[in-house]
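Please look over the sequence and the three-dimensional structure shown here, and keep both at hand while reading the report that follows.

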Amino acid sequence: MRRGSGRRLSSQIFVSQVSILLAVVLVGFALFAIQERRQVDRQYMDEDLQIAQTVADTPSVKTCIAFPSVDCDGTLQAIAYRLQIDTASDYVVIVDKSGIRHTHPNAGLIGKPIDEPLVTRPNVRIDHGAVGTSVNGRVPLYGPLGDQVGEVSVGRKVASVTAIFTGQLPVYAAWFGAALGVGALASYALAHRLKRRTFGLELDEIAKLLQEREAVLHGIREGMIAFDRSGRVTMVNDEARRLLGLPMFGGVGGHLEDVVPAGRLQDLLSGEIEGKDQVVLTDEYCLTVNRMPVRLAGKAHGAVVTLRDRTELSGLLRELDSVTSLTDALRAQQHEFSNRMHTVAGLLELGEPDEALQYLTDLSGAESAFAESVRSRIAPTVLVGLILAKAAVAGERGVELELTEDTWLGDTPDKVQALTTVLGNLIDNAFDAVSGPGVDPGKPGRVLVSIVEDDDGVTVRVADNGPGIPAGAAEHVFTDGFTTKPATGSMRRGLGLALVHRLVQRLGGSIAATEGPGAVFTVRLPKAAGDRDADPLLSAGGGTRSR
């Protein structure tokens, strides 16, 4: 696949994340700096307030302001200067109750009044005074007698505070830089991991693969389901939804048991039953299922299951098989007829016309007797025709087909199609059982058919003297794909009895089989059974070889 133009996906992810991190770090650093500056200003305001309060509590300051003398100005200025040096303040100003300055770093302002009223309680602020903009703390000054005699104001220039704050910024910047570096390393690791997870594909390649995937999955005529390692459904195409009867937007993200009911189909999809081209029957379709594990870079990533609809093909193959069987029966009858004509011609050439007439009379009587016996016990002509046709096939294959003495079926047209389907399949399976591989050629095959109607329904029983069903296989003989015979050409075995079983269940009836030599299949159809319930997979030709 051609590599996409431009920067690689991992590089794009790394650059994008680092850019986002850088922007976040810069914005965060700016907000932090603003907040930190406010805290620094507040810190120095509080310090200035404490210094001012200390000055206001000094006894000599109180005495000099309350009772001024010639020596007081020098004393106050010395105190202010010493505190200014010790606390790194830019000014300590003491004023009396008239607002006259007694101390100031600018000697020209000593003795001059301030242009604002005295404070009556401690106060901090940003001051725009004679020394410039500063952070300032002011407290009232009380004399020895407890009355307010002035105030003390201590402050630092904003430029000085800014210089202190700026000196702290490199430390903060180093922390933010370290955070940015850790984030960049994490981004690089994430980009590298994503590159591995996408198998080195770039953005345009991923988009193209997605487009091709959607086109293929929803354009093919095979159903497809994908599972991850935990068994969750990750993808279902349109054909799979149709074949499994899933809603248009349902199934994806759920576990298999939540999507498909328990049974052979679920076992095939989950991998509990393995094998290529496994056949399974649903209520509407005959499906061929294949499950393939998915491994990428040597690791298991789940499985993909394909579903192929063989419903129409299976019906056509069975119809073709029925036509082939009918053709073989007609060919056998023509051959038997030729043999009989040769026998009659030989008798006539020998001058034995009476023997020839007796021979023909015996043949006609035997066939007429069997046909009349069937007609007298079974009313529906469709079933009569089916049994007579099967009798012809039995004669050609050297098998005896008999009706039991208790066989009786009235004129019940609502059951004709279902009975024809079930009976035709069971008789064909019995023929295969008594004339197939492994049967003793010296032992004549015999198939016994019983059809008994009562007030509640119809019971069909077909027995043969073949090798029968192996021990322990009775519960599996009606499972899709179960067979004891090899496949013949394109005809897939193991469906006939499964289809009969499904039809009987849909009609509300029951079917059972015995194990051991001489299998006996018993079907019970209730009165409610009707033609509309016939299965199209079974109706073609009236028969399906299974066992």
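## A histidine in a strand

H301 is found in strand β9, which covers residues 299–309. The model is a predicted one, and in it H301 counts as partly exposed, with a relative accessibility of 32%.

When the neighbours within four places in sequence are left aside, H301 is in contact with F227, D228, R229, V294 and L296. The C-alpha atom of H301 is separated by 9.9 Å from that of A226, although these two residues are 75 residues apart along the chain.

## Helices and their covered residues

Helix α2, made of residues 59–66, has V61, C64 and I65 as buried residues. Seen down the axis of α2, the buried residues fall within an arc of 95 degrees, so they line one face of the helix. For C64, the relative accessible area is 9%, and another cysteine, C72, also counts as buried, at 7% relative accessibility. A disulfide is a covalent bond between the sulfur atoms of two cysteines, and a search of the whole structure finds 0 disulfides.

Helix α13, which runs over residues 496–506, is mostly covered, since 8 of its 11 residues are buried. The buried residues of α13 are G496, L497, A498, L499, V500, R502, L503 and V504. Just after α13, G508 takes a positive phi of about 80 degrees.

## A nonpolar patch and a positive phi

Which residues make a nonpolar surface patch of about 290 Å²? The patch is made by V27, L31 and I34. I34 lies in helix α1, which spans residues 9–56, and I34 is partly exposed, with a relative accessible area of 46%.

Most residues other than glycine have a negative phi. A88, a residue other than glycine, has a positive phi near 60 degrees. A88 lies in the loop between α3 (72–87) and β1 (91–96), and with 54% relative accessibility A88 counts as exposed.

## Salt bridges

How many salt bridges does a search of the whole structure find? The search finds 15 salt bridges, and some of them are joined to one another, as E116, R125, D127, R138 and E151 are linked in a network of salt bridges. R125 is partly exposed, with a relative accessible area of 21%, and E116 is partly exposed at 29%, whereas D127 counts as buried at 14% relative accessibility.

Another salt bridge is formed where the side chains of D428 and K390 meet, with a distance of 2.8 Å from N to O. This pair links distant parts of the chain, with D428 in helix α12 (residues 416–435) and K390 in helix α11 (residues 381–397), 38 residues apart. Both D428 and K390 are buried.

Note on methods
Residues are numbered from 1 along each chain as its sequence is written. This is a predicted model: local features need pLDDT of at least 70, side-chain atom pairs count only at pLDDT 80 or more; totals for chains, interfaces and linings use all residues. Side-chain values use heavy atoms; hydrogens and water are left out. Patches are made of residues with over 30% relative accessible area and no salt bridge: like charges are joined within 9 Å, nonpolar side chains (Val, Leu, Ile, Met, Phe, Trp, Tyr) within 5 Å. Accessible areas come from the Shrake-Rupley method with a 1.4 Å probe; for residues, only the protein chains shown count as cover. A salt bridge is a side-chain nitrogen of Lys or Arg within 4 Å of a carboxyl oxygen of Asp or Glu. Helices (H or I, at least four residues) and strands (E, at least two) are DSSP runs, numbered from the N terminus. Buried means under 20% relative accessible area, exposed over 50%, partly exposed in between (1.4 Å probe, protein chains only). A disulfide is a pair of cysteine sulfur atoms within 2.5 Å. The arc is that of the directions from the helix axis to the C-beta atoms. Contact means heavy atoms within 4.5 Å.
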